[in-house]
Amino acid sequence: MDRIQVEHVSKRYVLGERSNTAGELVTSALRRLTTRRARSPQRELWSLRDVTFRVSEGESLGIVGRNGAGKSTILKILTRITSPTDGVARTRGRVAALLEVGTGFHPELTGRENVYLNGAILGMTRRDIARRFDSIVEFAGTERFLDTPVKRYSSGMYLRLAFAVAAHLEPDILVVDEILAVGDAEFQRKCLGRMEEAGREGRTIVYVSHDLDSLRSVCSRAMWLEAGRVRDEGATAEVVREYLRSGLSSADSGTSLLQAGPLTVTSVEAGPAHAPGTSVVMQEDVTRVTVCFTLQERIPGLDLAINLTSSKGVRVLDQALSDSEHRQLEAGDYAMSLEIPPVLNVDTYAVGVWFGTSHVDLIDEPAVTSFTLHGSDRGRPGRVLVTDFPLSVERV
Amino acid sequence: MPEADTHTDWVENSASGSTNRGLLGTLWESRELVGFLALKDLKIRYKQAALGFLWVAAQPLATVAVFTLVFDRLGQVDSGDLPYPVFALAGLVSWTYVSYVVTQGSQVLVENASLVTKVYFPRIAAPASTLLPPLADMAVAAGLLLVLAIAYGVPPTWHLVLVPAWLLLLASIALGMCLWLSAINVRYRDVKHALGPLVQLWLFASPVAYSGQGLDGVAGWAYALNPMVGTIELGRWVLVGAPLDGRDVAMAAIIAVVLLVTGSRYFLRAERSFADVV
Ligand SMILES: Nc1ncnc2c1ncn2[C@@H]1O[C@H](COP(=O)(O)OP(=O)(O)OP(=O)(O)O)[C@@H](O)[C@H]1O
Ligand SMILES: [Mg+2]
């Protein structure tokens, strides 16, 4: 029995032409009159194009795709936050959505007040909330702070309480966007556990994540969106493999230009050291990160660093020039590269760059590009390092 | 929120529109949410203010004092049989409520943009929730009015039983305008800038500090097109037994209904794109 039916859904966003004041409206109307063209096509963006799928009761569907593929848009249509431009989406049963943790929390209100407010916003009745209140608080582990305004909470506590409310919605259909990217590992495990439990209870789940491991553990079926269209659909393992093989998910190799004063970063790239120019990195490969930059004039005491952050938000490494040598860079073009031996586990890593002196950060960009280490985690998904250190057992 | 029946019924979301229950149905469905949103407003409004509650009383007192000085002492405004301060405060109660709701309510969707783009909830709950918190201010002002009335020896009348009718008229006008303005404000932020001066003008065009009666013929009709004319007069009649012109009240009621009907139509149509453009 189906819980979700999405048929030929398309969604168009109109870009730029967002006249936010009447003045702009008048000028754009005048422009349209004089140029005799209604709406220039490049101002539109089809976030979804003819998407069709079904999810039956008790099934969990994972959605993968690159940034901007339309994943969040499809969730917003399922939850009726926005309506499709074309096609129809139907749901049967109570839908609960977690597109962002803590939406509707107000910093001035206490934990208790926020639980009630947030519950009401998410569609619970006061009776529902009262009945589940103790269990929510226990899940969050913030009993002692219930009557403290949440603006005095640590960000971890805030997150726990927010997720706890949402986790107790007991919906028929649970829709989750990449909310778990924030929060520590223990919190993530707790949330994933909660989702798997929901699945076992026969709830229907639609889960969007860049964390392919968690996707595999929660979802039996997956859909791959690319530029608003369904590129592939099927068993999670298959779809994820195809998605990875396409290489598109790895090494965005973007040349995001960063600039600060006389300093310009022209490119940041990551790829396998043995095959420059390609972007698929296997876990066994040496990864090379190359940062090209131009220095228009000498900056006294300039130091630079490359850092990596795992998909769970762990700063895995942070290597500065000053760690190995003290050198004053003169004006000129430079390429700095870092070779990372094959010690990291399979994951997607954000590559960040930092430029600065001991007094000031000139550029501090934690995610300029990213790369994915492919391969097998050899059955131990949680670990950061894949090591081969001597381990011995002796009878003593 | 949709209740138990949605376990079996399909809920549809398509370009042509999803299942809407109209203004009253939606309001009733989301009554708890409206309550919680209103409670939130009330709680945070004076949270960091040391004198908190005193401010609520200070505002009408100060306004009445200024009005008395300017209009009564200097301008010799005719307030009929009523002592001027009682007359002015009885008008101010209606005016403060409506102008407060309209100013706050028109911003409510934009201020809650993160909610609008991240959660589905009946959007009408947001403007509707702004109707409730100023009732607290109104209660305080009513208390002051009572004190003034006793002090000046103005006796209570049987009209007081019609307080609910007056409140209904106030709320209808306020909500009708809020629905229009909050929905327009999502697209055109001009509302915020235009509203300040317009509300000022509106105050002068409303019989708050002076009596609106005594205009004849076309001028009288035209004046009564401002729904605050009938509303403020009704408030004065109900609270302190001032004379009443039935025509003004009837006009106000008609305009209130028109505002509500057109406002909710517009709102329910525009709400489909709120999340995209806000
Ligand atoms: N309100 C909006 N107005 C205009 N364009 C929008 C709006 N919301 C989304 N878009 C565009 O629609 C496209 C799809 O966005 P969406 O948020 O669904 O991507 P996504 O797959 O969730 O990406 P990510 O992995 O980064 O979360 C993007 O190009 C985005 O810029
Ligand atoms: Mg997204």
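**From labels to values**

Tutor: Let us begin with strand β17 (residues 347-356) of chain A, which is mostly covered, as nine of its 10 residues are buried. This is a predicted model, where local features need pLDDT of at least 70 and side-chain atom pairs count only at pLDDT 80 or more, while totals for chains, interfaces and linings use all residues. Residues are numbered from 1 along each chain as its sequence is written, chains are lettered from A and ligands numbered from 1 in the order in which they are written, and side-chain values use heavy atoms, with hydrogens and water left out.

Student: Why does A:I299 count as buried?

Tutor: Buried means under 20% relative accessible area (exposed is over 50%, partly exposed in between, with a 1.4 Å probe and protein chains only). A:I299 has 12% relative accessibility, so it counts as buried. A:I299 sits in the loop between β13 (287-295) and β14 of chain A.

Student: What is A:I299 in contact with, leaving aside its neighbours within four places in sequence?

Tutor: Contact means heavy atoms within 4.5 Å. With those neighbours set aside, A:I299 touches A:P262, A:L263, A:Q328, A:T357 and A:L362.

Student: How do you know that β17(A) pairs with strand β14 (residues 303-309) of chain A?

Tutor: Strands are DSSP runs of E with at least two residues, helices are runs of H or I with at least four, and both are numbered from the N terminus. Two strands pair if DSSP finds at least two bridges between them. Seven bridges join β14(A) to β17(A), so the pair qualifies, and the two run antiparallel. A:N307 has A:G352 as its bridge partner, and A:T309 has A:A350.

Student: Which sense does β17(A) take with strand β18 (residues 361-374) of chain A?

Tutor: That pairing is antiparallel, over nine bridges. A:T348 faces A:T372 there, and a hairpin of four residues links β17(A) to β18(A).

Student: What makes β12 (281-282) and β15 (315-320) of chain A edge strands?

Tutor: The open sheet has five strands in the order β12-β18-β17-β14-β15 (chain A), with mixed pairing. β12(A) and β15(A) each pair on one side only, and that gives the edge label.

Student: How many bridges does strand β8 (residues 221-226) of chain A make with β9 (residues 229-235) of chain A?

Tutor: Six bridges, in the antiparallel sense, with A:L225 opposite A:V230. On strand β3 (residues 60-64) of chain A, four bridges join in parallel to β8(A).

Student: Why are helices α2 (residues 31-45) and α8 (residues 133-152) of chain B called oblique?

Tutor: Axes are lines fitted to C-alpha atoms, for helices over the stretch in contact, and angles between N-to-C directions run from 0 to 180 degrees. Under 35 degrees counts as roughly parallel, over 145 as roughly antiparallel, 65 to 115 as roughly perpendicular and the rest as oblique. These axes come within 8 Å and cross at roughly 55 degrees, so α2(B) and α8(B) are oblique to each other.

Student: How do you know that the buried residues of helix α11 (residues 217-224) of chain B line one face?

Tutor: B:G220, B:Y223 and B:A224 are buried in α11(B). Seen down the axis, the buried residues fall within an arc of 95 degrees, so they line one face of the helix; the arc is that of the directions from the helix axis to the C-beta atoms. They pack against α12 (227-240) and α13 (246-270) of chain B.
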